[in-house]
Amino acid sequence: MNRLSSEELIHHDRTAVWHAFSQMAEYDGLIIEQGEGCWLTDIRGRRYLDGASSLWCNLFGHRVPEIDTAIRNQLDQVAHVTNLGMSHPSTITLAKRLIDRTPRNLQHVFFSGDGASAVEVAMKLAFQYWQQCDRPQPHRTKFIALGDAYHGDTIGTVSVSGVSRFQSSFAPLLFDVLRGPCPDAYRTPQGMNARDACEHYLEAYRRLLEQHAAETVALIVEPMIQGAAGFVCQPKGFMQGIAKLCKEFCVLLIADEVAVGMGRTGRMWALEHDCTDEMSIEPDLLCIGKGLTGGYLAMSATLASTPIWNAFLGTHASARTFFHGHTYGGNPLASAAANAVLDLLEQRFAMPFVQQRGEMLGDFLEPLRALPIVGDVRRHGMMAAIELVADRDTKRPFAWEDRIGGRVCAWTTEHGVWLRPLGNVIPILPPLSMGDDDLRLLCETVGQAIRHVQA
Ligand SMILES: *Cc1c(COP(=O)(O)O)cnc(C)c1O
């Protein structure tokens, strides 16, 4: 295979590679040749600090010795074993370890290759559960989802998502969803305080359940922070309230922790932020992705409770099987990477360490609050975001056409800090391993970029 020249690479990257969520007529992306720690180097030799963890999945930086070694060792055994009628010790070990580290009721793991598939699996499991449980209720066919939710880009997950820009082209293909409000601790209804807002939102979900519980399969929620919606944070108590409502109305709860899970928020699972001594939160299904392999390999998982598992048991002839699978589900190389990730989260990057890194990040972000167009700085652990607003008092957003976030991130990238905007919101998700100096550089560069754009 001939090595392409830099000019050829740039050309083919614009014409041969169809990039995700990108307008290819205007495409001008980076071509990264190497990564080392929190830094990426492109084919021109320019270096960029990875401020978005290669889109929210790279937990400990690049070329992590422990993960590299785990994958190499696995390569010496076998790269792939199908999940259909076969298994591998790395996959089994990973399943057991995930079960040990998730809410107690979750005892079974279905592996897929990406976050959307993990969510789709959860939805199909929940749907089929009601047909096969002890007292079947096959008339349950609806899902309840949150306003502005994002759960992936397959037709099923787009249906439960509530981001109109991603949905409108496909509207005729999507199924109907019962949609509640977007719980938002920043833009609360009529400027309510957080506690009243929480009650207000929960009341809306209660009404939805009062009317529709009998036809509802499950309520799907991304706990604590709706990432793709713009890192919209839920008021404290909302997740716990939702979990209670699902129990009360006998509706399954699906927690999508694809973005917020795996230690990103300073807790292994974001829903733990809303647990108390009296009340833990036990979703019936939990979806994991992104950070699962530390940003190395495509893998996701759906964890299920035992009542759900039991509803699928029977003879071959009973056809209670879950007829669903992905070619690379449970792939041993990815499993080996994920096992190394779990080791790291227990040792060098245990949650108290991540919380302390998060506080450091919070300290460096604090001065940005003073900038006139910064409306809000939100953070849970190492998952933070800055929302830029046209008017701080009314919280009026910038118009989409202003591309305000895009301009800020273009400026930081030009100055050696790679970030990717979500509309008017600048997500800041450094690898959990980022040191003080790089964290400071990251935040200061964002501050300079905002000053530049606001001038
Ligand atoms: C990224 C994401 C997904 C989809 O994951 P993919 O691996 O991109 O398919 C689903 N849900 C949430 C909350 C996400 O952030």
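Trainee: What makes residues of H8 and H9 count as meeting each other?

Mentor: Contact means heavy atoms within 4.5 Å. By that rule Cys 198, Tyr 201, Leu 202, Tyr 205, Arg 206, Leu 209 and Glu 210 in H8 meet Phe 238, Gly 241, Ile 242, Leu 245, Glu 248 and Phe 249 in H9. The model is predicted: local features need pLDDT of at least 70, side-chain atom pairs count only at pLDDT 80 or more, and totals for chains, interfaces and linings use all residues. Residues are numbered from 1 along each chain as its sequence is written, and side-chain values use heavy atoms, leaving out hydrogens and water.

Trainee: Why is H8 called roughly parallel to H9?

Mentor: Helix H8 (residues 194-212) and helix H9 (residues 238-249) pack at about 20 degrees, with axes 10 Å apart. H8 is therefore roughly parallel to H9, as angles under 35 degrees count as roughly parallel, over 145 as roughly antiparallel, 65 to 115 as roughly perpendicular and the rest as oblique.

Trainee: Why are H4 and H11 called oblique to each other?

Mentor: Helix H4 (residues 89-100) and helix H11 (residues 332-346) pack at an angle of about 40 degrees, with their axes 8 Å apart. That angle falls in the remaining class, so H4 and H11 are oblique.

How values were computed
Axes are lines fitted to C-alpha atoms, for helices over the stretch in contact, and angles run from 0 to 180 degrees between N-to-C directions. Helices (H or I, at least four residues) and strands (E, at least two) are DSSP runs, numbered from the N terminus.
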